[in-house]
Amino acid sequence: MPEKSLELVSAMQEEGHIPDLVTVVTILPASANIGNLRVGKSIHAYALRHGLESYVNVSTALLDMYAKCGLIRTARHIFDSMSSKTVVSWNSMIDGYSQSGDYSEALDLFQKMLDEGLRPSNVTVMGALHACANLCDINRGQFVHKLVIDSGLDSDVSVMNSLISMYCKCKRVDLAAQLFHKLRMKSLVSWNAMILGYAQNGFTIEAISLFCKMQEKNMKLDSFSLVSVITAVAELSVLRQAKWAHGLAVRTCLDRNVFAMTALVDMYAKCGAVHTARKLFDSMGDNRHVTTWNAMIDGYGTHGFGEEAVELFEHMCSKGSVINPNDITFLCIISACSHSGLVKQGRKYFTMMKEKYGLEPKMDHYGAVVDLLGRAGQLKEAWEFILQMPVEPEINVFGAMLGACKIHKNVDLGEKAADKLFELEPDDGGYHVLLANIYAIASMWDKVAKVRTLMEKKGIQKTPGCSSVDLKNEVHTFYSGSVKHPQSERIYAYLGELIDRIKEAGYVPDTSSIHDVEEDVQEQLLNTHSEKLAISFGLINTRPGTTIHIRKNLRVCGDCHNATKYISLVTEREIIVRDMHRFHHFKNGVCSCGDYW
């Protein structure tokens, strides 16, 4: 209770007692923990007047207080002026940089500490691993791992938990899993870190399985455990599993925890139940965090409900609101505007974030604006925006530009964007495929061949498209042209009949991106796309009127999008497709995206 500590010091002085070194060292962390800079500065002044600043523990407490109150430069000035430093001094400064987001400086300081011959403590390496994780710096992370072993810190479960988290954030879940399984005394934090690591890296089934194993061991789960498994369910995008996770929150009495509830809001939106997400959001009342607002705004955006996202954002920014938007909020609302073609509003919010809230745009914000302009067909404006950026554009910015050029069939700007992408990420197959598709749409088959040859020379492979559908507690996954499913013969027979029905309703196959094969073969290739197979499987195995939920790992292609509209019309079914960017709700021959995606 930091506030109580401050009150006691005031009472102590009123009774005529003079605070000494111990009092100062005790009270500084209290002011740091509640972020009370005014009190912290007054304590600093007191220390100066009474000659206490020269004591290493006082200086360490002061730099820690300034770092936690956001004055990292002041903290560093105190650190540099210290004639002698303890390991705790170094730890406080390293942690200060990490907490302020300057992870590179944190690691540089960590290296300097090692160069000066100091032996790092468990707190030191945990701070360094935290910085490595946030930088996704696997090389320095492995260096710290070796240091952990050499220092005999590999028996410290907290250090091992930090290593597990670091490897997960660096996308080396395999190494994290090795550490986890070798760990003899696993804490709840160990289980939470591994479950979340699996979930955030796309290993959703492994995350849920590990969570179930944790429950079998009768470990009492906390809000972090629940958030970890909810994250996995959200990525799995299966509504049945979402209801199970919600029920678990209720049974464990965590359905009033703000972080668990925020995760549930996000989960329902990602499982296609955006209206359920809004009900939960509304039920939270004043117990909402800024991340809760972000989850709901983002949920509306990915479902194509741009107007609802804007309305919610405006409510958040209204005078009566006690929560201000952060940089993530602005990324969510600009992206929501992009998905719905609300260019004017999106540009307004981009300007607002800096002018009204003092938030400096990050690379993701610039990428979102390029996407906003590009999707709307304002390709010239998007390219000019890139050229005028105050920072060097990165992959996501040029990637958004290339995607827009594909949508609007602009070869010239597409080539410019692709050239930049190939400089920055020469081995990414997705961008090569996008450029090839732009050429194919323009019937520039010689250039399509050149891109494909280049990919072959570099050994670059296209990510295979796959679609999944949940049925009777089992997830069925389909790849384009695959015949491995037990019901393949039945699926293909049904799909053939379905294609004939939608053709009668007006569907015309779009074969513009297929070359060098006969027309009937072109149609056959289109008809075996993974989403068509998954939809057919869902239709065969469910009752009339049942909504079909499909998950696609790539962007839905134009032909499948058009075909699914007709399928929803002739079968009188609602079909919800979640692709890598957004949701599409198909019903009565219409998609919720309004053909704007």
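**Aromatic pairs and ring contacts**

In this predicted model, a total of 15 aromatic pairs is counted. One of them joins Phe 180 and Trp 191, whose ring centres are 5.1 Å apart; because their planes meet at 85 degrees, and an angle over 60 degrees counts as edge-to-face, the pair is assigned to that class. Distant parts of the chain are linked by this pair, with Phe 180 in helix α11 (residues 173-182) and Trp 191 in helix α12 (residues 188-200), 11 residues apart. Phe 180 has a relative accessibility of 1% and therefore counts as buried, the limit being under 20%. Trp 191, at 5% relative accessibility, is likewise classed as buried.

A tilted aromatic pair is formed by Phe 478 and Phe 537, with 5.4 Å from centre to centre and 50 degrees between the planes.

Contacts between charges and rings complete the description. The ring of Phe 180, which takes part in the edge-to-face pair with Trp 191, has the charged end of Lys 186 over it, 5.0 Å from the ring centre. At Phe 79, the charged end of Lys 85 sits over the ring at 4.9 Å from its centre.

Notes: Residues are numbered from 1 along each chain as its sequence is written. This is a predicted model: local features need pLDDT of at least 70, side-chain atom pairs count only at pLDDT 80 or more; totals for chains, interfaces and linings use all residues. Side-chain values use heavy atoms; hydrogens and water are left out. Rings of Phe, Tyr and Trp (its six-membered ring) pair if their centres lie within 6.5 Å; planes under 30 degrees apart count as stacked, over 60 as edge-to-face and the rest as tilted. Helices (H or I, at least four residues) and strands (E, at least two) are DSSP runs, numbered from the N terminus. Buried means under 20% relative accessible area, exposed over 50%, partly exposed in between (1.4 Å probe, protein chains only). A charge sits over a ring if NZ of Lys or CZ of Arg is within 6 Å of the ring centre and within 35 degrees of the ring normal.
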